[in-house]
Amino acid sequence: MSALGKHDYIGYNVEVVDNTTGDILGMIAKDHCATCFADGVQVITGCTFGKGNILKTHKGKWAVTLIDKKSGKGIRVTPEAEAMLANKQTPFFRDYREKGLPASVVPAHVVDPLVENVMGAPDEMILSVSEVFAHEHKAPPHSFDGFVCEECGEMVVMQYGRIKGDRKFCIDCAS
Ligand SMILES: [Zn+2]
């Protein structure tokens, strides 16, 4: 597994995964509230929603499985639950985030100690990284076929098109 090893971590205190070939697929088990977790995974791994090489598995967990599609191997990376529970007891969560305030309004003197703690922590204190395991991935074939919607004039990927009579529409215009 060339681009993906035991020391290629996600999160703050990480080595960046070389995903220039787009062969790494990230599967994120979290899709509720921890949107910043998914952002971090995208930045660090290059697995992005735009390229479609990241998937949400809708299991409500903070975890990512990184898969090297070429070698059929993967690792699972999870933030340590104890570290996450400790974070939830900080003023950042108690006084701001849990009251619905966006992270952008939390003052630096509240945020900075948290960032410094994470950046200074040994990897094993904040992340659990599995051994490499076999993980076959069958990706659907890429399609570059498209057409222009006859109503709105926007480009549409072929398999998302809708046919009415002898005319082709996008989903928006067909409904
Ligand atoms: Zn349309």
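Author: What follows goes through the labels one at a time, setting each value against its definition.

Reader: What makes this a model to be read with care, and how are the residues numbered?

Author: This is a predicted model, in which local features need pLDDT of at least 70 and side-chain atom pairs count only at pLDDT 80 or more, while totals for chains, interfaces and linings use all residues. Residues are numbered from 1 along each chain as its sequence is written. pLDDT is the predictor's confidence in each residue, from 0 to 100; the protein averages 79, and 80% of the residues score at least 70. Over residues 1-16, however, pLDDT stays under 50.

Reader: How many helices and strands are there, and what makes a stretch count as one?

Author: Helices (H or I, at least four residues) and strands (E, at least two) are DSSP runs, numbered from the N terminus, and by that rule the protein has six helices and 10 strands.

Reader: What shows whether the span of helix 4 agrees with its number of residues?

Author: The expected span is 1.5 Å times one less than the number of residues, so the 13 residues of helix 4 (residues 108-120) should span 18 Å, and the 17 Å between its end C-alpha atoms agrees with that.

Reader: Does helix 4 lie largely in the open or is it buried, and why?

Author: A residue is buried if 20 or more other C-beta atoms lie within 10 Å of its own, exposed if 12 or fewer, and partly exposed in between, with C-beta atoms placed from the backbone. Of the 13 residues of helix 4, the number buried is zero, so this helix lies largely in the open. In the protein, buried residues make up 18% of the 175 residues.

Reader: Why is F144 called exposed?

Author: F144 has 6 other C-beta atoms within 10 Å, and is therefore exposed. Its place is in the loop between strand 6 and strand 7 (146-148).

Reader: What makes strand 3 and strand 4 a pair?

Author: Two strands pair if DSSP finds at least two bridges between them, and five bridges join strand 3 (residues 64-68) to strand 4 (residues 73-79), the two running antiparallel.

Reader: What makes the largest nonpolar core a core, and where do its residues come from?

Author: A nonpolar core is a set of buried Ala, Val, Leu, Ile, Met, Phe, Trp, Tyr and Cys residues joined through C-beta atoms within 7 Å. The largest has nine residues: V41, I44, C47, I54, V64, L66, I67, I75 and V77. Helix 1 (35-45), strand 3 and strand 4 each supply at least two residues of this core, and strand 3 gives the most, with three. Strand 3 is mostly covered, since four of its five residues are buried.

Methods:
Two residues are in contact if their C-beta atoms, placed from the backbone, lie within 7 Å.
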